Structures are given as structure tokens and as C-alpha cells.
Amino acid sequence: MKNDTDIAVIGSGPVGALLANLLALRGVSVTVIEKRQHPYGQARAVHFDGEAMRVFQSAGLAREILEIVIVGKGMLFKDGDGKVVVDWSRDQEIGPMGWHESYRFHQPDLDAVLLAGIDRFENVFIERGVAVTSVNQTDDCVSLTLENGNVVTANYAVGCDGAQSFLRQALGISLDDMGFNERWLVADLELTRPRPDLGDYSVQYCDPDHPATYVRSTGNHRRWEMRLGNDDPDRFAESDVWQRLKQWIGPGDARLHRAAVYTFRSCIAKKWQVQRMFLAGDAAHQMPPFMGQGLCAGIRDVANLAWKLASVVGGGNPALLETYQSEREANVREFVGLTVGLGKLINQTAAGVIPEGRMQSIWPSLGPGLGSRDTVGGALVPQIVYSDGRRSDEMAGHGFYILSRGPVHSGLPEVQGADDWLNERGLFGVIIRPDGYALCGAETADELANAARIFNALTNSLPRGQVSPF
């Protein structure tokens, strides 16, 4: 019996909606199941980076997203006396991903763009206002039972259903706790008069007694996050929120849109795949917001998973899907670890724990999976922006391609550039995967062409449980 859809996606937040766009562009049929009747109207995530923008580009939505973002100035960490102890300024020029290093946004705007992107496709169906109540799978399909009694069958299912993921719980998957658990009050406001003194940087106020965060968003949207004590309540009256905010802003300056208590956690699901079902985004991992990488991590998840699912649905070897968790988990653990470290910095700097310094962006490699990890394999590769504005990923059709210092005649799409990056690594060129990471590199054109031929021959002939030897 033919399944209803190729891929079922649970959740239509930014991670789920982006996955649907990426799959649909590759000709895959998708059913998105969303328990909310209407998109969530409040801000949640507020930041993504240049790698995330590169993924939005691959979804064909870069132009629309540029209309709803501002380029982020960066983040300053200040001690109790207002002194900058760590400067994480972001370059205002185009960065190595072919985009700026940091973007700020208002999440309802991003949600609208991603959902409008889905409307481009006849091969995507959205079931709204209905939750999944049970799941089952066989060797051939996944069955999702909905609360209205309908059953959706699919080749594979992906849970993009957030930190309280129904799918993760239904599969009995536990979380690996990485040791950060704090309650914070998050207040979203909209300025009613100009407050240029607040500045364009986000600010981490590092105070052991009252750590807090100020976030500059788009337009007049601003956010404050304040750590709570053990005796603080789980709900706050509006007057109490203004009392907490009084050192920065008052009701004469802004409207309070929302104030909610969140528990910031650091945890990673022990399994991201159970046969034909997968977890992505907050369903698979959670981290405090101090580095602005929570949504970015989910975007990386679906950038990794989408092309693999599309390949397997199209007849490729299912062993490819077994590389998803191994590759992504190692990458996200680095971000979670650094974010937890920043949380400790915010709580302790005023006591003199951390010296002054500057912070740089990190670009962790993938964990073990497709390709070797002995040289450049698994590393994130720059995207070239040419003088006419074209970018290397789009020139190659957002599939596998070769980036090199000269012609290779490999059978794969080829673009030239990044000579300095390649020379630093002693390489003539690299094979780039659809998610922007390197499959492998080579020192000569002949070696690179041979690697491309071997890769093409092997990808559809591997037994289950094995991956390419590159």
C-alpha cells in the first residue's frame, strides 16, 4: 500500500517549516502536522548566524528573510560596574558563509516567511489544529494517529515539536543533562518612544546576584532576561515585571507584550533516530540562550537531514540516515558546552572570575559520519560570493559540488575560488556537501576527480550500517 506522504513533519515552527521547504525543493512530498490552529504570535528565538542564513538561501528564501532582519552588532559582557569584560563584536562585512555573521529578527516575522515559503509547493500539505496522539512503525512505514482519528502514513517522520516533544516522549527517549538548569524571567517589550541609549549591542550583565540580558531586536522590539532566585514565583504581575526592569526601562518607554518564566536547560537526547523516526531542533537538544545558538542548531539539524532523507526517498541507501545523529550531536555538543560556559561567566564575572578579552565565532566540525575526519572532511567550508553577487552554493544548485583552485573535470558541478582557505590547508580543492560541509579534500586535481568518481560509485552500493570510506 502506498504511503500518504514521503515525510511527515511534526511541528510547524521555524525548524519544521524550514525542513518542509528544503524537502519540497527536492521533490519530496511532505505532510506537516501542527497542533496549533494558528502560528504562535509571540517572540521566542531572536538570533541566527551566517550559517543559518546560508541554509535559508538554500531554501530559496534569502531575499524574503533579508526584509525582516537587521545585521547584529554583537554582544558585550559587562561586569557590575558597567565595564566590558568580554567583547563579542560581530563583523559588519560579509563573512565566510557568504552572509553577515549575525542577524536579529522577530520570530513571528520569520515564521510568516517560512510558512509562506511552503505555500510555493503543491507537494506539501499542512494539517493544522490537530495533535499526534500515537505513533507506530514497521519496516516499511511510519503511522501517525491524530486526535481527530485520521492516520497519516509516511516513509519517515521527523519530530520538530520542541522541548516538550511528543515524539521524543512517545519513543521513550531520555535526555543527557549537561548541568545547566536555571529559571529566568523573559520580558518582551515594544518601545513607544526612542531609546537610543539602550544601544544596538546585546548586553550580558554579569552579576552573581542579579545576572541579566538585554537583547536588541528588529524595529522597536526589545527583550530583557533576568535570572530568578529559588524563592521567586513562576508568574509575575505586570507591575512586578516593571519593578524588575526599572533600572533600564519603564512603562513610559514601552509596552509589555509578554512576560514568562522559562527554565534554561542544557540537555541532548540520547537517541535522535529510532528506525524511521527522527528528532530535530529543541526536540533533540536544548541550550541556554546566552550564545543565540538554539535556533541555529535546529537549522543545522534539518540542513543535514533534509538532503539525506531526499536521497533515500529517491532510492539512495538508507545507511546514509545513520550518519545524522553521529554528525550533528558532536557539533551541537560544542555549542552547548560553550553556551553553558557563558552562563557561568554571566553569573560569576563580577566576582573577578573571568579576565577581559574578545570572543570569536566558532565553526565546529561534524562528528563521525559520511566521509573521513582526518583532514578537512566534516569541516564547514566557506561560501564564495563573486563580484556579480552570485554565491557558490547556488551556482552549484545546492547539491554536491567541487570548490577548487582550477578545473577538475569530475562530473560534479565545479566552482573556483577560496584560494587562501584551500592553500592554508594544502589543498587543491574539496567536495562540498549540500549542507556546506566538506566531504573530503585533495591536494591535486587528479586526486579530487578520482575522489568524486569513487564517491559517485559508492553512495548507492553500501550495505546498511556502513558509510563512504572518505
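Modeller: In helix α1, Pro14, Val15, Leu18, Leu19, Leu22 and Leu23 meet Leu295, Gly298, Ile299, Val302, Ala303, Ala306, Leu309 and Ala310 of helix α7, where contact means heavy atoms within 4.5 Å. This is a predicted model: local features need pLDDT of at least 70 and side-chain atom pairs count only at pLDDT 80 or more, while totals for chains, interfaces and linings use all residues. Numbering starts from 1 along each chain as its sequence is written, and side-chain values use heavy atoms, with hydrogens and water left out.

Colleague: At what angle do α1 and α7 pack?

Modeller: About 30°, with the axes of α1 (residues 14–25) and α7 (residues 294–313) 9 Å apart. Axes are lines fitted to C-alpha atoms, for helices over the stretch in contact, and angles run from 0 to 180 degrees between N-to-C directions. The two helices are therefore roughly parallel to each other, a label for angles under 35 degrees.

Colleague: On to strands. Why is β5 called largely enclosed?

Modeller: Because four of the five residues of β5 (residues 74–78) are buried, meaning under 20% relative accessible area with a 1.4 Å probe, protein chains only. Strands here are DSSP runs of E, at least two residues, and helices are runs of H or I, at least four, numbered from the N terminus.

Colleague: Which strands does β5 pair with?

Modeller: β5 runs antiparallel to β6 (residues 84–89), joined by five bridges, and pairs in the parallel sense with β13 (residues 202–205) over four bridges. Pairing needs at least two DSSP bridges between two strands. Met75 stands opposite Trp88 in β6, and its bridge partner in β13 is Ser202.

Colleague: And what about the hairpin of β5 and β6?

Modeller: Five residues lie between the strands, and Gly82 takes a positive phi near 85°.

Colleague: Last topic: what is the order of the open sheet of four strands?

Modeller: The order is β22-β21-β23-β24, with mixed pairing. β22 (414–416) and β24 (438–442) are the edge strands, each pairing on one side only. The twist averages 20° from one strand to the next.

Colleague: How many bridges join β21 to β23?

Modeller: Four, between antiparallel strands at residues 401–404 and residues 429–432. Leu403 of β21 stands opposite Val430 in β23.

How values were computed:
Buried < 20%, exposed > 50% of the residue type's maximum accessible area, 1.4 Å probe, protein only. Parallel < 35°, antiparallel > 145°, perpendicular 65-115°, else oblique.
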